[in-house]
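Here is a short briefing for a first look. Keep the sequence and the model at hand while you read.

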Amino acid sequence: MHIPVVIIGGGPSGLLLGQLLHKRGIEAVVLERKTRDYVLSRIRAGVLETGLVRLMEEAGVAERLHREGYVHDGTQIAANGEMFHIDFKKLTGTPILVYGQTEVTHDLYDAREASGARTEFEVDHVEIHGADTDKPYVTYRQNGNGHRIDCDFIAGCDGFHGVSRQTIPLSVRREYEKTYPFGWLGILSRTPPVHDELIYANSERGFALCSMRSASLSRYYIQCALSDHPEDWTDAAFWDELKRRLPADVAERLVTGPSIEKSIAPLRSFVTEPMRWGRLFLCGDAAHIVPPTGAKGLNTAASDVQYLYQGLCQFYEEGDSEGIDRYSERALLRVWKAERFSWWFSGLLHRYPDQSPFDLKMQQADIAFLRDNEAQQRAFAENYVGLPY
Ligand code: FAS
Ligand code: PHB
């Protein structure tokens, strides 16, 4: 069997690419290791850049995100017991949308099913063959049966632990990595958000983030030790620690309640170059990872998808390979800027075990400069709302 594009991975990258291609009449199959319900059980990103919203509109799946998403014109930064606002709308004219990645993925799965496009769930032993030839193919097993799909292109949208990146020979791949000496302990609770905007907090006890999913569903994070496990933290201990990291007036307003999800995510900066090898193209977490501080993971996956989608349309509709030939170069230009912002913002807000008193003074001066300087706030806002594609 021959299908033009095989997409490995049914997370947001793979589904968004699949939906965009489908709308342009370019057939693609999605191969997903897990079940749909398992994929939808993951609680991850919460902030959408306008670029991703526009892509969802182009894919014809933006109706619910516009109905249920929260448009935010800015964010709050808390430090030393006080809070200041960064006004995205005033500084950039662009808002962000608060809408969970889980909902984005749900909307994309619903659209894919409605379109009749093919998705194979619970596949394993996925292998990519001949990516460096003009006749690539993918093999996989499902329900104990072996399958082969011949194709023109393979989109590796299978995340950090997928098979796609590993298919690129080490002699070709260059990897860049920074790990952080802490993680994020996140909880979801059926409680009203503590503020109408996100609050990013730097405190002497460590980082905290107050986010949300709806008027009755809140998402909170605190920086935690890498040796921590979610079961080490009772709900009471989490709420107590979160309150200690927020300005007193905010802590007083915090409505607590039972956690309905509790997990720890390690933080990592990672990029693999190139993001293309022959007929194989890496998208999203398969190619790069950022610490979630700047909310760039899902949003940078979106710009990858845009570049690859444009390139594939150019190839199939005009016979021009310029877009796919320049995919890696174009995607990496924006990836590295997202890496930089995520790394910088993480450095601004987290407490590092090896921070010297001088380092702490520099961090405090950085926060004060962001508080007091409009040019610095504009630079922050332009990165946070999303740099141009
Ligand atoms: P994904 O990892 O989402 O999807 C890859 C898919 O491929 C998965 O469904 C997987 O099952 C499948 N797969 C893997 N190997 C396969 C194989 N061999 N064959 C077939 N299928 C295979 N970003 C933010 O912006 N804010 C956050 O707060 C945030 N929190 C995060 C928390 C965690 C624990 C993690 C891991 C990531 C978080 N991220 C966050 C980043 C996250 O949102 C990613 O950027 C986003 O999921 C990227 O989407 P994909 O590239 O589709 O990768
Ligand atoms: C979230 O709501 O999960 C979220 C929001 C902003 C971030 C990270 C996570 O920077």
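How many residues of domain 1 are in contact with how many residues of domain 2? In this predicted model, 26 residues of domain 1 touch 23 residues of domain 2. Contact here means heavy atoms within 4.5 Å.

This is a predicted model, in which local features need pLDDT of at least 70 and side-chain atom pairs count only at pLDDT 80 or more, while totals for chains, interfaces and linings use all residues. Residues are numbered from 1 along each chain as its sequence is written, chains are lettered from A and ligands numbered from 1 in the order in which they are written, and side-chain values use heavy atoms, with hydrogens and water left out.

**The two domains**

- Domain 1 covers 5–71 + 95–177 + 268–345, and domain 2 covers 180–267 + 350–385. These bounds come from an automatic or database domain assignment.
- The C-alpha centres of domain 1 and domain 2 are 29 Å apart.

**The interface between them**

- The size of an interface is often given as the accessible area lost when the parts come together.
- About 2000 Å² is buried between domain 1 and domain 2, and carbon and sulfur atoms give 64% of that area. Buried area is the accessible area (1.4 Å probe) that two parts lose on being put together, summed over both.
- Seven residue pairs, both at pLDDT 80 or more, are in polar contact between domain 1 and domain 2. A polar contact is a pair of N or O atoms within 3.5 Å; within protein, one must be able to donate a hydrogen and the other to accept it, and residues adjacent in sequence count only if both atoms are side-chain atoms.
- On the side of domain 1 that touches domain 2, β7 (96–98), β16 (259–273) and α12 (327–349) each supply at least two residues. Helices (H or I, at least four residues) and strands (E, at least two) are DSSP runs, numbered from the N terminus.
- The largest share of that side, six residues, comes from α12.
- A salt bridge is a side-chain nitrogen of Lys or Arg within 4 Å of a carboxyl oxygen of Asp or Glu.

**Salt bridges in the whole structure**

- The whole structure holds 29 salt bridges.
- In one of them, the side chains of E317 and R24 meet at 2.8 Å, N to O.
- That pair links distant parts of the chain, 293 residues apart: E317 is in helix α10 (residues 297–318), and R24 is in the loop between α1 (12–23) and β2 (28–31).

**Ligand 1**

- There are 29 residues around ligand 1, and S13, E32, R42, R44 and Q101 come nearest. A residue counts as near if one of its heavy atoms lies within 4 Å.
- S13 has a polar side-chain atom 2.7 Å from an oxygen atom of ligand 1.
- A polar backbone atom of R33 is 3.1 Å from a nitrogen atom of ligand 1.

**Ligand 2**

- Around ligand 2 there are 14 residues, with Y200, S211, R213, Y221 and P292 nearest.
- Polar side-chain atoms reach oxygen atoms of ligand 2 from S211, at 2.6 Å, and from R213, at 2.7 Å.
- A295 has a backbone N or O atom 3.4 Å from an oxygen atom of ligand 2.

**Backbone details**

- A295 has a positive phi of about 55°, although it is not a glycine. A295 lies in the loop between β19 (288–289) and α10.
- E273 and P274 are joined by a cis peptide bond, with omega about -10°. P274 sits in the loop between β16 and β17 (276–277).
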